[in-house]
Amino acid sequence: YHSLRDRDFLSDTEIQKIQAEYPNHHILRYYDFENYLYHPQNIAEIAPKGFSEEAYLMEIVTQKNQKLNRRILPTLVSSRQNYEEFKIDFKKVKDKEVDAIVADLESDELERFYKYFDMKEQFDRSILAPFNLKKEDLVQTNWFKQQIKLVLNP
């Protein structure tokens with residue numbers, strides 16, 4: 001059997017440990033499925049008229065920074081306490097892992113913070129409304145397909 005789960009707030013180190021123990025347990029490299037759909041490179045591949053990848057990236061960073069202390073960080077530790085993987089093999093949530101996640105969230109580098117920024121619940125996608133993007137189209141891009149292949153066949 002194979003399984004696929006959202007990354008949520010799992011650190012890179014924790015993902016490596018989990019997958020070493022359970023090689024058929026695949027974990028997304030970004031927070032959730034929507035992070036792939038709404039990734040700037042994925043939308044840029046569709047190239048909707050008037051879309052600016054740079055402006056969109058700036059909006060993601062702005063929204064992440066506005067919500068970081070009020071909404072994201074307060075849920076970090078409590079969310080991690082409910083992970084089944086920790087109940088099975090990881091007896092204690094390590095502070096250094098949380099510190100690494102916080103450092104990534106505080107960064108404005110997309111590939112550092114984006115893996116922990118929830119594009120489904122935390123991001124207001126109204127900036128994308130004029131482009132009438134459909135999930136059916138977003139899952140058809142080469143970028144999207146390549147990213148999912150990397151998750152399933154690292």
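His25 counts as buried, because its relative accessibility is 16%, under the 20% cut-off. This is a predicted model, so keep that in mind throughout. His25 sits in strand S2. Now look back along the chain to Tyr1. Tyr1 and His25 are 24 residues apart in sequence. Their C-alpha atoms are separated by 8.6 Å.

Next, helix H9, residues 142-152. Which residues of H9 are buried? Trp143, Phe144, Gln147 and Val151. Seen down the helix axis, the buried residues fall within an arc of 100 degrees, so they line one face of H9. An α-helix has 3.6 residues a turn, so residues three or four places apart point the same way. Turn to the other side of H9, and Asn142 and Lys149 are exposed.

What do the buried residues of H9 pack against? Two strands come up: S1, at 3-5, and S2, at 25-27. Then there are the helices: H2 at 33-37, H3 at 40-46 and H8 at 135-138. S2 is the strand that holds His25.

Last, a helix pair. H4 covers residues 53-80, and H6 covers residues 95-106. They pack at an angle of about 160 degrees, with axes 11 Å apart. That angle makes H4 roughly antiparallel to H6. The crossing is right-handed.

Who meets whom? From H4, we have Lys64, Leu68, Ile72, Leu73, Leu76, Val77 and Arg80. From H6, we have Glu97, Val98, Ile101, Val102, Leu105 and Glu106. By class, the contact has nine nonpolar residues, four charged and no polar.

Methods: Residues are numbered from 1 along each chain as its sequence is written. This is a predicted model: local features need pLDDT of at least 70, side-chain atom pairs count only at pLDDT 80 or more; totals for chains, interfaces and linings use all residues. Side-chain values use heavy atoms; hydrogens and water are left out. Buried means under 20% relative accessible area, exposed over 50%, partly exposed in between (1.4 Å probe, protein chains only). Helices (H or I, at least four residues) and strands (E, at least two) are DSSP runs, numbered from the N terminus. The arc is that of the directions from the helix axis to the C-beta atoms. Contact means heavy atoms within 4.5 Å. Axes are lines fitted to C-alpha atoms, for helices over the stretch in contact, and angles run from 0 to 180 degrees between N-to-C directions. Angles under 35 degrees count as roughly parallel, over 145 as roughly antiparallel, 65 to 115 as roughly perpendicular and the rest as oblique. A crossing is left-handed if the near helix is turned anticlockwise from the far one by less than a right angle, and right-handed if clockwise. Ala, Val, Leu, Ile, Met, Phe, Trp, Tyr, Cys and Pro count as nonpolar, Asp, Glu, Lys and Arg as charged, and the others, Gly among them, as polar.
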